[in-house]
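Open the model in your viewer and keep the selection panel at hand. The stops below move from ring pairs to a sheet.

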Amino acid sequence: MRLVIAEKHSVATAIAKALDPNPREQDGCLRAGDTLISWAQGHLVDLATPDRYKDQPWSDKKWSMDQLPIIPQRWQWEISGDKGADQRYSDLVALMRRHDVTDLVNACDPDREGEAIFARIITHAGIHKPTLRLWVASLDEEAIREAWTRMKPLTEYQGLADSADARAKADWLIGMNASRAHTIAYRRRISIGRVQTPTLALVVERDRQIRNHVSTPYYTVVAHMGQWTLTSEHLPTPDQAQRILDQVRASGMVIDKVDRTQVSTKPPTLYDLTGLQKAMNRPPYGLSAAQTLAAMQKLYEAKLVTYPRTDSTYITHNDLGAVKALVADMRLVDGILPGTPTVDSIERLVNDAKVAGHTAILPTRLLNARILADLPQEQILVAKAVVLRLWEAIGAPYIHDSVKVTAHINGVDSPKFTASTDTPVSLGWKSINPTAAAQTDDNDEQDGKQTATGRIPDDLRSGLTLLTIHGDKGAEIRQGKTDPPKRFTESTLLAAMEHASRFVDDRNLKQALDDDSSHSGGIGTPATRADIIETLVKGGYLLRTGRQIKSTQDGEILVEVAVPALKEVVLTAKWEQQLSDIEHNKVSETAFLAGIEDMCRRLPDQVNSSFRPEYLNRERTRESFGPCPRCGAPVVKTGSLWQCSTNKSQRQQDGSWKQTEGCGYKIFGTLSGKTLTDSVIRQVLQGKTVKLSGFHSKEKNKSFTANLVSDPQRGIAFKFRK
């Protein structure tokens with residue numbers, strides 16, 4: 001009998017149904033004929049924490065620089081602490097050890113992490129049975145059955161498994177050694193990560209540019225030509241602007257060039273997870289990346305959309321028939337769109353070479369207007385966005401007429417004047433979702449200061465001399481000033497992570513970051529980027545203010561003191577290049593890890609040699625439990641209460657304490673007779689609603705259960721259902 005192990009229950013179900021129309025449920029698995037299909041739960045086995053290495057000096061809970069570096073001679077693994085992981089692992093091991101199970105199939109996700117999930121399970125369990133690899137990028141039944149016929153021995157993917165193992169161990173080594181070295185040196189909690197630290201550095205650098213920006217005034221001359229205007233380039237002084245203004249009024253304008261072009265803008269591709277998260281963070285939606293992923297996960301579990309954690313924006317040829325049937329079914333139109341959209345080309349969605357793991361995000365045939373209406377609001381927004389993007393992606397091009405005019409002042413040596421218009425001819429795909437179509441990453445980064453041109457006459461041609469309209473209103477001076485860069489939003493930060501190669505000069509390293517054949521391009525992955533941002537926010541290094549994301553004081557300090565290599569995108573680029581070499585058997589995992597270990601050995605000296613005494617925390621290091629709801633600073637624990645780290649108090653002559661600094665936010669250790677725990681406070685400060693029992697009402701003299709939420713005024717408060 002053969003045992004198939006998929007990464008998730010939903011994938012196991014899809015495989016079982018592809019092998020047998022009526023698979024049977026059994027304990028911890030499905031049965032399709034003589035094949036058992038079970039599932040993992042993400043990473044069931046993780047690298048053990050340093051305290052588990054009892055024979056090492058660095059396993060001591062009291063840290064010192066003398067204990068470093070942390071380099072295990074023999075790596076230890078442990079079952080994940082995630083809810084249900086221990087039981088799931090036990091179920092899988094019991095199935096693998098069955099005497100009638102003769103061989104295994106690795107059906108985890110077709111990428112580096114999927115290889116790691118399976119390899120860790122069988123290695124930790126000590127299983128040695130013949131194993132095949134099911135490599136399939138789609139959960140379509142035909143695609144699964146076709147992939148089933150061409151399975152290869154797992155040994156042919158050993159390079160990918162070694163690459164996954166090397167990535168995990170290298171991240172562990174750098175995270176443990178760098179975080180501990182910096183924390184010890186500066187007596188403050190400093191969390192270093194290969195991806196999170198360069199991400200934080202991007203935000204800190206942007207915030208510095210904004211803070212250090214000195215606005216410079218500039219002037220433009222606007223010539224009114226009747227129904228349209230010409231605008232000069234920026235002029236540095238008001239005197240120069242006045243001279244140009246007088247010349248425009250006296251002499252008029254000569255048209256140098258009129259460039260008329262009809263532009264055909266192709267439809268966008270389908271969403272991958274990062275693209276969807278960026279779109280949902282922009283107006284009119286305003287969801288965080290984490291909120292979008294949570295909504296997508298719920299929709300996926302309800303079988304209303306395809307797999308969310310994808311980095312592909314295309315489908316395979318195997319999926320084409322299913323998508324055509326989906327489009328032909330009016331259930332994705334009725335009650336969702338105001339009319340029947342035009343289908344220009346479904347075939348353009350296909351690019352097998354661009355699908356390394358899962359295909360792009362699509363709605364399923366189960367989704368319709370009735371089901372959509374019954375979903376929670378965030379799921380409605382996300383599901384509808386996925387549907388609309390499908391119709392956009394197969395829609396007709398957006399046709400628009402572009403007119404660009406350049407001119408100069410008649411008879412004098414003048415600055416260049418320009419005018420431009422862009423007029424829609426056929427909205428095409430932009431008619432599907434006009435509001436969202438107008439929002440892009442470029443919009444978020446631009447300042448929007450553009451002078452309205454008006455309608456340029458159809459008969460305008462080069463060589464013409466034109467006068468402005470009569471009187472003082474024929475031309476005018478407008479004053480402006482240079483603006484600093486815009487703060488990151490979650491959308492633009494995700495884009496920066498996705499296209500991190502723009503921050504690297506070396507061509508080979510750029511290619512390593514952009515290579516998405518076995519890992520997601522850029523830094524982080526679609527599945528982890530939202531978590532990385534959330535980790536930085538919860539750790540008190542980043543702060544959300546509306547849609548904007550900015551660094552906190554702790555975040556700036558971390559970037560100031562971190563060893564330079566750890567905050568540069570180049571480190572990740574070099575790693576990805578070497579991990580790719582491991583996958584293709586050009587470099588051994590042992591050699592790669594030897595280099596990482598050598599880097600860890602140098603870290604203590606590097607931290608000490610670049611020590612910045614101004615950032616030494618003179619107070620006892622305190623753990624942050626989350627951002628303060630009042631001011632955003634970290635909340636720390638002092639005695640039996642949790643309070644904002646900005647709070648300072650002084651003892652008065654009568655022995656009492658008086659607050660002298662800070663926002664005053666506090667959470668006391670007990671509430672209605674119940675003692676609160678660190679875990680509860682962490683969750684509440686993360687914005688979660690925590691349900692607890694055991695509260696006592698003095699008025700009614702009985703116990704009760706309630707939901708707890710953070711409250712900027714009261715610290716923490718009950719939230720009862722209405």
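This is a predicted model: local features need pLDDT of at least 70, side-chain atom pairs count only at pLDDT 80 or more; totals for chains, interfaces and linings use all residues.

Residues are numbered from 1 along each chain as its sequence is written, and side-chain values use heavy atoms, with hydrogens and water left out.

Select Trp-135 and Tyr-157. Their rings are stacked, 5.3 Å centre to centre with 15 degrees between the planes. Rings of Phe, Tyr and Trp (its six-membered ring) pair if their centres lie within 6.5 Å; planes under 30 degrees apart count as stacked, over 60 as edge-to-face and the rest as tilted. By this rule the model has 11 aromatic pairs. Trp-135 is partly exposed at 25% relative accessibility, whereas Tyr-157 is buried at 16% (buried is under 20% relative accessible area, exposed over 50%, partly exposed in between; 1.4 Å probe, protein chains only).

Next, select Tyr-53, Trp-58, Trp-75 and Trp-172, which form one aromatic cluster.

Move to Arg-206: its charged end sits over the ring of Phe-488, 4.2 Å from the ring centre. At Arg-389, the charged end sits over the ring of Tyr-271, 4.0 Å from its centre. The criterion is NZ of Lys or CZ of Arg within 6 Å of the ring centre and within 35 degrees of the ring normal.

Finally, show residues 702–711, strand S28. Strands (E, at least two residues) are DSSP runs numbered from the N terminus, and two of them pair if DSSP finds at least two bridges between them. S28 pairs with S29 in the antiparallel sense over 5 bridges; Asn-707 has Lys-719 in S29 as its bridge partner.

Notes
Helices (H or I, at least four residues) and strands (E, at least two) are DSSP runs, numbered from the N terminus.
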